[in-house]
Amino acid sequence: MQWKNGDTTNGQVVAGGKGQGNGSHQLYWLTDVLIDKETDSLIICDQMNRRVVRWSRRSGTTQGEILIEGIDCYGLAMDEQRYLYVSDIGKHEVRRYQLGEKNGTLIAGGNGKGNDTNQLNYPRYLVVDRQQTVYVSDNYNHRVMKWNKDAKEGIVVAGGQGQGNALTQLYYPEGIFVDTLGTFYVADSLNHRVMRWTQGDKKQGTVIVGGNGSGTGPNQFNGPRGLSFDRHGNLYVADMDNNRVQRFSIE
């Protein structure tokens, strides 16, 4: 769906909308999407169809193009060289693809499901920075991992202290966002809050919104999933089980 700024009542279908299914005109359980400005298209993780697809944003588009298939994709990211990064919750790994490539290069995990620093356990969302460092929300390990380029193991940068609601802990982390200063933000889904970690502070984070229990109030979430910022510094949170997107002004 595409929603114009300020218009909260009229969204426009830009991909799918033909019921769940595996046809080229259909999608089934989407978990992530990014905009490829170079081709003016959407790249979509079509999770239940086990594929990554591309849909043009040009008007009149009625079907997508398969980029990668046979993958338990969940999260997507793209670097400045237009390499595509995809997390695979079946193989517990992250791979990097040149667009058009089918197999990709292993970037993180790939050593089976586990909690060692060279392993992941249901890797969900991804961020990649200018140095091709990859940040991964390692969902079932309740931590965020940082994998430097060409590294054989990752570094725990948030959580990793078991599930819980202390400031040192996460509880099934989902969406992440990293700014140019290396400060990163995490949708701490079952704690119903968004956490912030500043560069170098590996011990504990700060709750910036939520943390007031599950609910429908303006200061509450119910399973926050995706995060994004606009150029004015406003934070947008996909509040999944409340079926809404919330915007916050962050100091």
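Ala, Val, Leu, Ile, Met, Phe, Trp, Tyr, Cys and Pro count here as nonpolar, Asp, Glu, Lys and Arg as charged, and the others, Gly among them, as polar. The model is predicted, so that local features need pLDDT of at least 70 and side-chain atom pairs count only at pLDDT 80 or more, while totals for chains, interfaces and linings use all residues. Residues are numbered from 1 along each chain as its sequence is written, and side-chain values use heavy atoms, without hydrogens and water.

**View 1. Lining of the second largest pocket.** A pocket is an open set of points on a 1 Å grid over the protein atoms alone, where a 1.4 Å probe fits, with protein on both sides within 12 Å along at least five of seven lines; lining residues have an atom within 4 Å of a point. Of the 15 lining residues, Leu 106, Ile 107, Ala 108, Asp 150 and Ala 151 lie nearest the centre. By class, 6 are nonpolar, 5 polar and 4 charged. Strand β8 (residues 105-109) gives the largest share, 5 residues. Strands are DSSP runs of E, at least two residues, numbered from the N terminus.

**View 2. An open sheet of 3 strands.** The order is β17-β18-β19, with antiparallel pairing (two strands pair if DSSP finds at least two bridges between them). β17 (224-229) and β19 (244-249) are the edges; each has a single partner strand, so one side of each lacks a neighbour in the sheet.

**View 3. Pairing of β17 with β18.** These antiparallel strands are joined by 4 bridges, and β18 covers residues 234-239. Ser 228 has Tyr 236 in β18 as its bridge partner.
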